[in-house]
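Please read the points below with the model open beside you, and check each one against it as you go.

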Amino acid sequence: MGLSNALARYAVNHAHVLLVEVPGHWLTRAAAEQHLRARGWRFASSPADADVLALCGTPGPEIAAIAARLWEQLPGPRARVQIDAPHLAAAAFESAATKLLDRSLQRDDSQGRSAKPDGEQHRDNKLEGRDGGHDHGGHGSHVGKGEMDDGGHAEHSAMDHGESSGHGDSGDHGGMGHGMDMGHAGMGHGAMSHGGMDMAPAGIPLAHGGEDRDGLELDVLHLRLGPVLPSWPTGLVLRCSLQGDLIVHAEVTLVDAHHAGVRCAHHRAARRCDNAAGLLALAGWEDAAGGARRLRDRLLNDGDRGTTARDLDRLHRRIKRSWLLRWSLRGVGYLSAADVARLDLPGHLRGDTHDRLLSMIQRAADDIAGADGGSSDASEHVPIVKIGDVVQGLDIATARLVVASLDLDPLPAASAVAHA
């Protein structure tokens, strides 16, 4: 019994946490990340890797349905907590640790899951998607481990592919490498018909044919990015149609959209540091991403402005000196002055992803220095409806890097749908 308790406590001290940010609650998510690191816990990239599901904010109906589906995919022992405000993060994680160590609670949870027949579980998942408003005809929505998807019509979720964007490096960054595993287990077996749609045995809808630009017919695969995805704007859903590995059509929607309100220059600078951290993490430079997060936390905790400005300038110079990062991001998602004017985008988005990353850091420094007069210019906001146009013609890994480089503010209150 003593050894079991010791092993359980060791496991809890190294728990992995899957953070689900509710739109409008990025400050709560930032506080949760800060307390998570203070405990020595780690970030989970998928439900299969998670011990704790932490919902940051009070969810609307759509995010609540997604969180329920993610919870079903967490292996036991597991714990679920909701953090309604930044100052409640520490208590929530303490509650999660207590739940993980509660043997009777974990035993009941395990027995309750194993007692439910597979057919009933599948039916509950479908009902859950329909009740949340996400059952688009009920055709072959496949839920698998690692899937961060809220249901859909003939689509695969991005989390089924386990993608990570970065570039291999043995010296400068400690490892960066783009890696997209687009394979589906079981796709090589015979297909069956379900409701007029060709289906693989696992229930995954097969690709359909579509005319390419040169007049040939290529398979068209439908893939959804978001709304819950690491280093991805919360609440943003990008429904992509792919021919080969390129996005030929994109539809942008917002889920439970809510405006958070970046209230002051310090918060704007913190938000840009947060966005830069997400882009650096996607590029595989976790050390620099951690530095950006620490600057974000210092700004949110009203740290010394002079010290923060110097550290921000140091981070800017470090990013600028990195030849590998420059090689990795140079030319990625390039937007000319004509592209910016055509898409009605802010001028600071000119250039490639590397240029936008440096601009992001510089704009955070300008916020700290008060160079913008302490007000947020509405013309500097990126129209959400234009994101589909920006990513058209890109592959999925590149699209994720480009979206992360747009330095998006918290999403607007009004839901929107756009096609590209």
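1. Buried means under 20% relative accessible area, exposed means over 50%, and partly exposed lies in between, with a 1.4 Å probe and protein chains only. Helices (H or I, at least four residues) and strands (E, at least two) are DSSP runs, numbered from the N terminus. With those terms in hand, the buried residues of helix 12 are T353, H354, R356, L357, L358, S359, M360, I361, R363, A364, D367 and I368.

2. Please keep the origin of the model in mind: it is predicted, so local features need pLDDT of at least 70 and side-chain atom pairs count only at pLDDT 80 or more, while totals for chains, interfaces and linings use all residues. Residues are numbered from 1 along each chain as its sequence is written, and side-chain values use heavy atoms, with hydrogens and water left out.

3. Why is helix 12 described as largely enclosed by the rest of the structure? The description holds because 12 of its 17 residues are buried. The elements that cover these buried residues include helix 7 (265-282), helix 8 (286-300), helix 9 (305-321), helix 10 (323-329) and helix 14 (396-404), where contact means heavy atoms within 4.5 Å.

4. Just after helix 12, G370 takes a positive phi of about 75 degrees.

5. A270 lies in helix 7, and at 0% relative accessibility A270 counts as buried. Apart from its neighbours within four places in sequence, A270 is in contact with W26, R296, L299 and L300. A270 and D367 are 97 residues apart in sequence, and their C-alpha atoms are 9.3 Å apart in space.

6. Two packed helices are described by the angle between their axes and the distance between the axes. Axes are lines fitted to C-alpha atoms, for helices over the stretch in contact, and angles run from 0 to 180 degrees between N-to-C directions. Helix 2 (residues 26-39) and helix 7 pack at an angle of about 65 degrees, with their axes 12 Å apart. The contact is made by W26, L27 and R29 of helix 2 together with H267, A270, R271 and D274 of helix 7.

7. Finally, consider two aspartates. D344, which is not a glycine, has a positive phi of about 60 degrees; D344 lies in the loop between helix 11 (337-343) and helix 12, and at 57% relative accessibility D344 counts as exposed. D407 has a positive phi near 55 degrees and lies in the loop between helix 14 and strand 14 (417-419), but at 8% relative accessibility D407 counts as buried.
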